[in-house]
Amino acid sequence: MADSPGRRRRIRLSALIVVLGVAVLVAAIWTDVDARNRSSEESAALAGANTHLATLRHDVATTQFAKAVTSAKRDSLQASIASTTSQLAATNEALANADVHAYVQGVGINTLQTCLGGVKTALNQIAARNNTQAAKDISAVSGPCTQLAGGSGTGLVYPFDFPDPSVILVGQTYFAYATNSVAGNIQIIDSNDLVHWSAVGNALPSLPAWATPDYTWAPAVAMIGGTFVLYYAVNVAGTADECISVATATQPAGPFLDKSTAPLECQKSLGGSIDPASFIDTDGTSYLVWKSGGPGSSKIWSQQLDPSGTAFVPGSNPTSLLVPDQPWEAGTVEAPNLITTGGHYYLFYSGNDWNSSNYAVGVATCTGPLGPCADASPHPILASGPGVAGPGGESVFADTAGNFWIAFHAWVPDAVGFPNSRDLYLRRLTLSGPVPTVATSG
Amino acid sequence: MTDVLEADRRPFPTEPRARRPASRRTRWILWIAAGALFAAALGYLIPDQVQARDHYGQAHTALGVARQQTQTVTRQLDELRRDLNILKTQVGSDSTALSQDSSQLLGAQTALAAAQAHVTQQKSLITSLQTCLVGVERALNELAIGKLSNAIAALNSVSPSCTAAEASSG
């Protein structure tokens, strides 16, 4: 039986519908599968990316930790470096200081050894009774020994035992005389600049027969009538009497010769006479000033000398110039030194205990060489201070330019009292005011 | 009507049924079933595909974010590694510097100890020399005025210092 056209049309339509439906389904399935596949792939990629990201983040965390640890280590190292550098700097500084200290010590040791060597040599020379050479030996090491005694800033110019100095200017040369010590009975040193002093020797090689050896002190020299006259204190042999004698020389360096048969002055009833000093007034008249008595009874005297300077003017008598009346003097005035300038008379003197750091220098003003005198100040004009202890035994003189100086002895502060040395100091003296003033340094 | 009449003329059980065209009802049922099946298939496939595409889109977006983060983290990691390398280099140089400084410090401390020992030794020598000098000078002053026994006593009092000074001076 043949299909009718309608049926064939329906069949074709049905087939077409089916084919279309199948095609739609296939397309839907295909796209669905494709979407699923793409989704799965994307998910897998996402998972991989997340895994990678997690790994990276882990690496980041690990690296951050490593960085933190390393940074901490670096900071610790840098702190250690800073600390070490600081320690190194401090150590190097300490080392440099130690080296400097060691160098300074080395210089000091060399100075000490040089000074000690000179003193030892001098000691040996004295033991061999060669006092002049002993004086030259210590004089040769004066520089190093001056440094050891504190340097020249205090006015120290001769760092050896040179008590009761007396300085005169002859021509262009200064001569200083002192109590018996290394050089002998009366020591002499000289200088052309007041800074460098050299030993000359013993001004008084021999003593008169009535004198006791090794007891000569407090010299003073003046040129009177063309002759150099030396006054000095001396003990009378066989007694305890302390007296003043006189010797003469044609040269300031001596040798001075004492032809006396007896002391020039010896106030036995007053406890003896010592510390002589000559004074030549503006009219050329010469005087001798000195001290009598001991602690509590001391007194300073003046008396005119005859034109030779070796004796007092006949008929003259000692005149009292000064007695101890100030607390700082502690009952003792001694070592007088009278000068005149500008119409004024100044009597310099020492007070208190010579063997202590209380010793000091005072000044009185006088109306003339025979007084009367009065203290210019209730206080000493020169006393213990930095680098100087117990200054005294002064001698005032003018230099070649007319400037006044005061020469004095003093102990080094940590070595006060005999047998330590009383060294020689020089300082400028100003006489323009009502009270003379002494410079505080050399 | 013709088909129905023809079917009625055939003997009933012996006529092959497969050859018989499906009834209109059956065909409709088949069409409806097929349509339902088609609709069901589409009803499943379309949402599924939408879901898959959504999932894809989310995954894609997340992947983009992840890749961006990866780039960021990678850059961060690179910077960190660079910093770490710099730090390690610094640590290396600092360690060397510290070692050198420590060595110098040790040397300086050793030198300082030696210098201080030298200073102490010289200080002792200076003390001995000063003491000796004081005694010898006292002896000199005593002997200068004829006090021999006093001079000897002064020398004896500083004899140990003088001996020590001479020994130290070599």
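1. In which order do the strands of the 4-strand open sheet of chain A stand? The order is S2-S3-S4-S5, and the pairing is antiparallel. Helices (H or I, at least four residues) and strands (E, at least two) are DSSP runs, numbered from the N terminus, and two strands pair if DSSP finds at least two bridges between them. Strand S2 (166–170) and S5 of chain A are the edge strands with a single partner strand each, so one side of each has no neighbour in the sheet. Neighbouring strands of this sheet are turned by 25° against each other on average, direction ignored.

2. Basis of the note. The model is predicted: local features need pLDDT of at least 70, side-chain atom pairs count only at pLDDT 80 or more, and totals for chains, interfaces and linings use all residues. Residues are numbered from 1 along each chain as its sequence is written, while chains are lettered from A and ligands numbered from 1 in the order in which they are written.

3. Further detail of the sheet in point 1. S2(A) pairs with strand S3 (residues 173–178) of chain A over 5 bridges in the antiparallel sense, and the bridge partner of Val170(A) in S3(A) is Thr173(A). Helix H2 (residues 131–140) of chain A packs on this sheet, touching strand S4 (187–191) and S5 of chain A, and its direction makes about 165° with that of S5(A). Axes are lines fitted to C-alpha atoms, for helices over the stretch in contact, and angles run from 0 to 180 degrees between N-to-C directions.

4. Helix H1 (residues 5–127) of chain A has 123 residues and reaches 173 Å from its first C-alpha to its last, close to the expected 183 Å; the expected span is 1.5 Å times one less than the number of residues. Arg129(A), whose phi is positive, near 60°, follows H1(A).

5. The interface. In chain A, 70 residues are in contact with 70 residues of chain B, contact being defined by C-beta atoms, placed from the backbone, that lie within 7 Å. H1(A) supplies the largest share of the side of chain A that touches chain B, 60 residues. By class, that side of chain A has 31 nonpolar, 26 polar and 13 charged residues. Here Ala, Val, Leu, Ile, Met, Phe, Trp, Tyr, Cys and Pro count as nonpolar, Asp, Glu, Lys and Arg as charged, and the others, Gly among them, as polar.

6. The 3-strand sheet. An open sheet of chain A has the order S6-S7-S8, with antiparallel pairing. Its edge strands are S6 and strand S8 (242–249) of chain A, each pairing on one side only. Between S6(A) and strand S7 (residues 227–236) of chain A there are 8 bridges, and Ala220(A) stands opposite Tyr231(A) in S7(A).

7. Strand S18 and its partners. Of the 8 residues of strand S18 (residues 404–411) of chain A, 7 are buried, so this strand is largely enclosed by the rest of the structure. A residue is buried if 20 or more other C-beta atoms lie within 10 Å of its own, exposed if 12 or fewer, and partly exposed in between, with C-beta atoms placed from the backbone. Strand S17 (residues 389–398) of chain A pairs with S18(A) in the antiparallel sense over 6 bridges. The two form a hairpin with 5 residues between them, and Gly402(A) in the turn has a positive phi of about 90°. S18(A) is also joined by 7 bridges to strand S19 (residues 422–430) of chain A, running antiparallel.

Notes
Two residues are in contact if their C-beta atoms, placed from the backbone, lie within 7 Å.
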